[in-house]
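Subject: Structure handover

Hello,

Here is the structure for your files. Please look through the coordinates first; my notes come after them.

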Amino acid sequence: MGQDQEGKTDWVALLFNDAAKNFSDLKSRQWTATSLSIGAIAALGFSQGSSAHPRVATLLMFLIVLCHLVVTSKCERNLSVFRERLKALVKAHLPTSEANIIFKDDPQFESVVVDEGRVSFILYASSPVAFLCALFVLFPSLRFAVLCGCAR
């Protein structure tokens with residue numbers, strides 16, 4: 001009986017370890033996508049003497065933002081799956097007495113995973129903000145119109 005319980009514990013530990021590695025990989029992908037998209041927008045919008053026409057640069061920057069949002073959204077959906085798997089692992093394999101000690105007042109085991117509200121907001125917002133800043137550089141008249149409140 002002891003070996004069976006030990007084998008089950010090893011299996012659960014392997015699943016938990018795999019989920020943690022997937023979390024790390026997905027978070028790395030999200031930040032890489034954000035960094036690359038902001039870098040590309042900066043290269044297109046902020047470079048002096050750019051050979052690209054401002055409208056072409058704007059279109060390319062818009063496509064970069066769109067791709068960034070798609071990648072970040074997909075990573076976020078995958079992270080949601082892994083969050084649910086971690087909760088299921090804890091619920092199914094952690095003894096009730098230990099679960100009650102570790103997760104006081106948390107019967108759904110929501111605290112197994114952390115709340116990433118601000119981090120997710122920054123990941124989603126950073127590329128569109130860089131896009132807007134680059135537009136102000138590419139189109140100085142737009143910047144003046146927005147600052148003066150004259151844009152219609």
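This is a predicted model: local features need pLDDT of at least 70, side-chain atom pairs count only at pLDDT 80 or more; totals for chains, interfaces and linings use all residues.

Residues are numbered from 1 along each chain as its sequence is written, and side-chain values use heavy atoms, with hydrogens and water left out.

Overall fold. The protein has 5 helices and 0 strands, in the order α-α-α-α-α along the sequence. Helices (H or I, at least four residues) and strands (E, at least two) are DSSP runs, numbered from the N terminus. Of the 152 residues, 29% are buried (under 20% relative accessible area; exposed is over 50%, partly exposed in between; 1.4 Å probe, protein chains only). Among contacts (heavy atoms within 4.5 Å) with a separation of 6 or more, 75% are between residues 24 or more positions apart. The accessible surface is about 10300 Å², and carbon and sulfur atoms hold 64% of that surface (Shrake-Rupley method, 1.4 Å probe; for residues, only the protein chains shown count as cover).

Helix packing. The axes of α2 and α4 come within 10 Å and cross at roughly 180°. Axes are lines fitted to C-alpha atoms, for helices over the stretch in contact, with angles from 0 to 180 degrees between N-to-C directions. The two helices, α2 and α4, are therefore roughly antiparallel (over 145 degrees; under 35 is roughly parallel, 65 to 115 roughly perpendicular, the rest oblique). Residues of α2 that meet α4 include Met61, Val65 and Thr72; on the α4 side they include Leu123, Tyr124 and Phe131.

Cores. A nonpolar core is a set of buried Ala, Val, Leu, Ile, Met, Phe, Trp, Tyr and Cys residues joined through side-chain atoms within 4.5 Å. The largest has 11 residues, among them Ile41, Met61, Phe131 and Leu138. Helices α1 (2–46), α2 and α4 (117–138) each supply at least two of its residues, and α4 gives the largest share, 5 residues. Beyond four places in sequence, Met61 contacts Ile41, Leu44, Gly45, Phe131, Ala134, Leu135 and Leu138. A second, separate core of 8 residues includes Ala19, Cys75, Leu79 and Leu86.

Thr72. This residue lies in α2 (residues 54–93). Thr72 is buried, at a relative accessible area of 0%. Its side chain reaches the backbone oxygen of His68 at 2.9 Å.

Regards

Terms used
A polar contact is a pair of N or O atoms within 3.5 Å; within protein, one must be able to donate a hydrogen and the other to accept it, and residues adjacent in sequence count only if both atoms are side-chain atoms.
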